[in-house]
Amino acid sequence: MAYKQIVYQRAKAELEARRKKAEKENDARRLKAITLCPEIARVEGEIASYGLDAVKALGMGGDAEKYIRELSVKSLAAQERKKQLLKSVGLSEDYLDIKYTCPICKDTGSHDGFFCECQKKEVINQAKALLGETAPVKGCTFEKFSLSYYPDVIDPDLGVSQREHMSTVYNFCRDYANHFTKKAQGLTMYGGTGLGKTHLSLAIANVVIERGYDVYYGSVQNIMEKLEKEHFGRKNNDESEKEAIINADLLIIDDLGVEFVTQFTTASLHDILNSRMLKGLPTIISTNLEMEEIYEKYTQRIASRLFGSSLPLAFCGKDIRQIK
Ligand SMILES: [Zn+2]
């Protein structure tokens, strides 16, 4: 269970930026305080020298303990004087305390040798932001999915209303996301345009990312463009796009069927699906195509990789984008 390296790097950089900002703001406050009352700078120097003397005394032996206690008393008195000086020029006692976003770890990301909660939270934020670069994840949550767009009259083919059927699909997807593991089954979402396939697959992505899993999302067209660029372009030492796709805890391929099929796309798609199947990693695919059309458009080998291990979910209703 891990995100891409870049997610951790960005989280670390964000924390460092917070820390630097807090320290810079404190420098500005300090300048103001000292301009108002130069004595504060002298008292601060005194406090610093007591600290330094105490460190030096540690290795002295003999009366070191007594000496350090004396320094501590002097230091506390100086700190009290500093507070009074701040108050005397109309500033608060804690005016010169650095205001970190997270006072627990002082924006370092760890305390007592453990990762701080703020760092864990920021890592999730960055994982979501990374996914957000290629997908409209923010608007696509379970909370924002509305069943009211689906007709509430009995559909003779389904035996229930389309709303009721979609309610079952919705609940299934929410459960799937909440219980997702790398061993989860793959899903194939069928149905016409504008029936909520992208919305629900991204709602799953949102929850799965928050639970600490790495999600890769892209339309087939998107993914193929990236792979083609990589295949014919320069190589570097970073994890390749193809590796990221193959190794993601959850891969979501949106809109299968709209892309122009070439030998390259067929081979790549087969390679991706096959590699993930061998690793036992789940893939969610959404498509406007009927099952027979998939057999026609792609090879038998791809179709069997698609259907062999995944659970079909049929989407129904009317194009929500048009109703809206
Ligand atoms: Zn923290």
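## Contacts around Ala205

Two residues count as being in contact here if their C-beta atoms, placed from the backbone, lie within 7 Å. On that basis, and bearing in mind that this is a predicted model, alanine 205 touches Leu131, Val137, Val215, Tyr217 and Ile252, leaving aside residues up to four places away in sequence.

## The nonpolar core

Ala205 also turns up in the largest nonpolar core, a set of 53 residues. Along with Ala205, the residues with the most contacts inside this core are Leu131, Ile204, Val208, Val215, Leu250 and Ile252.

As background, nonpolar side chains tend to be buried together in soluble globular proteins.

## Two domains

The protein chain splits into domain 1 (5-115) and domain 2 (134-323).

## Helix 9 against helix 11

Now for a helix pair. The axes of helix 9 (residues 263-279) and helix 11 (residues 300-308) come within 10 Å and cross at roughly 35 degrees. The crossing of helix 9 past helix 11 is left-handed.

Which residues meet where helix 9 and helix 11 are in contact? Helix 9 brings Thr266, Leu269, His270, Leu273, Asn274 and Met277, while helix 11 answers with Arg301, Ile302, Arg305 and Leu306. Sorted by class, this contact has five nonpolar, three polar and two charged residues.

Conventions
Residues numbered from 1 in each chain as written. Predicted model: local features only at pLDDT ≥ 70, side-chain atom pairs only at ≥ 80, totals over all residues. Axes fitted to C-alpha atoms, helices over the stretch in contact; angles between N-to-C directions. Helix = DSSP H or I, 4+ residues; strand = E, 2+ residues; numbered from the N terminus. Left-handed = near helix turned anticlockwise from the far one by under 90°. Nonpolar A, V, L, I, M, F, W, Y, C, P; charged D, E, K, R; others polar. Core = buried A, V, L, I, M, F, W, Y, C linked by C-beta atoms within 7 Å. Buried ≥ 20, exposed ≤ 12 C-beta atoms within 10 Å, placed from the backbone. Domains from an automatic or database assignment.
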